[in-house]
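Here is a short tour for someone meeting this structure for the first time. Take a look, and then we'll go through a few spots.

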Amino acid sequence: MKKIINVLLIMAVCTMCVACGKDEMQQKEIEPGASQMKTICELATMDCYYHNVAKYNKEDASGALWWKKDREFWIEYAGVVTIGIDATQVNINVEENIVTITIPAAEILGCKVDASTLTKDSFIVAKDSADVEAEHETEAFQEAQAKMIQAASEDTALLANAQQRAQELLEKYVKNVGECVGKEYQVKWIYLEDNSEMNDENGIE
Amino acid sequence: MNDKKGIKGFRTKYLMMIAIAVVILFVVALSVKVVFSGISKKDSPEIITKSTLEKIINISDLSTFEAVYNGIAKVMNEKKPDKVDYYVSYEAKVRAGFDVERVELDVDNDKKVISVTIPEIKITGIDVDIASLDYIFMNDKANESTVSEQAYKKCIEDVENESSSENAIYTLAGQNAKDVITALINPFIEQLDDDYELTVKIEGADNNEKNN
């Protein structure tokens, strides 16, 4: 009889152990993940419509002495500039309720001039300009793409916008996961560009 | 002797009853736990509810997208409307976006499908930088002190007309909007229940995309 009692008690203890163990496993399943972060960064990439004017101005482009003429014309064109965060450089470290996200600065990831926007009407030639020939138009067209990248790279507001967008999406994700498991995560950012580190308690700074 | 046997028998029965009670208690506790954990697992959809997802996508900051519109306005002579007075180049920013309040969201927990419909993308703002104006005069007489005032108005008119008819602005803003919604919802549901499928579409646009 004692054996039966012992067996029953052992079963009860085992049952209790199994029941407790399963709970811990389930809780570990949800926490902010690196692969999700990378996906978010890829989706945070912005395709920006970029309409631009390339200005061509060459002094004394033709003629001689008093008959010298400048060549001046503008070209209006459009394209798409892709701005975002390099997802491969994004990293995450979760320690209790502190989520440290390492993030690079937003950059120009791509740039493409829409050739269909370059028509005869796209060229505005100044009144007293030297003649603009096909070769000058081709030269200007080739410069257009390079100028578009340059213009977008110098557009700090556009880059800041892309950076902020990626950070907001990442932070929102962390907070949502936290709410789901009943945790209040604090996000700490490490910026790869200048290696500065800052605490962010209320959102993006 | 019989008394001892009786006491021993009573103690054994008593211990056995306690043991059985303990086992029953644990079996009941375990059953309750299994049932509840079953519910909570089955109910991961309970986290994936319309109200939870609506809260997740409530992101007014991320509903606006900026396009760069550096253009050229052509200004005609008032007396001779077929003659160009001057061309003026300008730098402008065009904002396009959608109304977050009007985003429609449906969750079908049986089919495990989340459908999001983003309202029509609209131009929400235009800024022309007056300091960026640059001119090519075709009529030198047009180069007067009042020219910048007139030119600025023409630039605003130009960017308003050009941007509202430029499909690429709407298309790109629409794609960006879809990406934002997907970035907000997908990684989250992926961790809770990756059987769910997200569909995001723009109101009035034919093409919709499955994002999961």
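This is a predicted model: local features need pLDDT of at least 70, side-chain atom pairs count only at pLDDT 80 or more; totals for chains, interfaces and linings use all residues.

## A tyrosine on chain B

Y14(B) is partly exposed, with a relative accessible area of 49%; partly exposed sits between buried, under 20%, and exposed, over 50%, using a 1.4 Å probe and protein chains only. You'll find Y14(B) in helix α1 of chain B, residues 2–42 (helices are DSSP runs of H or I with at least four residues, strands are E runs with at least two, numbered from the N terminus).

Residues count from 1 along each chain as its sequence is written, chains are lettered from A and ligands numbered from 1 in the order written, and side-chain values use heavy atoms, without hydrogens or water.

## A valine in a strand

V107(B) belongs to strand β3 of chain B, residues 104–108, and counts as partly exposed at 23% relative accessibility. Which residues does V107(B) contact, leaving aside neighbours within four places in sequence? They are I48(B), T49(B), K50(B), L53(B), V113(B), I114(B) and Y196(B), with contact meaning heavy atoms within 4.5 Å.

E78(B) is another story: V107(B) and E78(B) are 29 residues apart in sequence and 59 Å apart in space, C-alpha to C-alpha.

## Over on chain A

E139(A) lies in helix α3 of chain A, residues 134–154, and is partly exposed at 34% relative accessible area.
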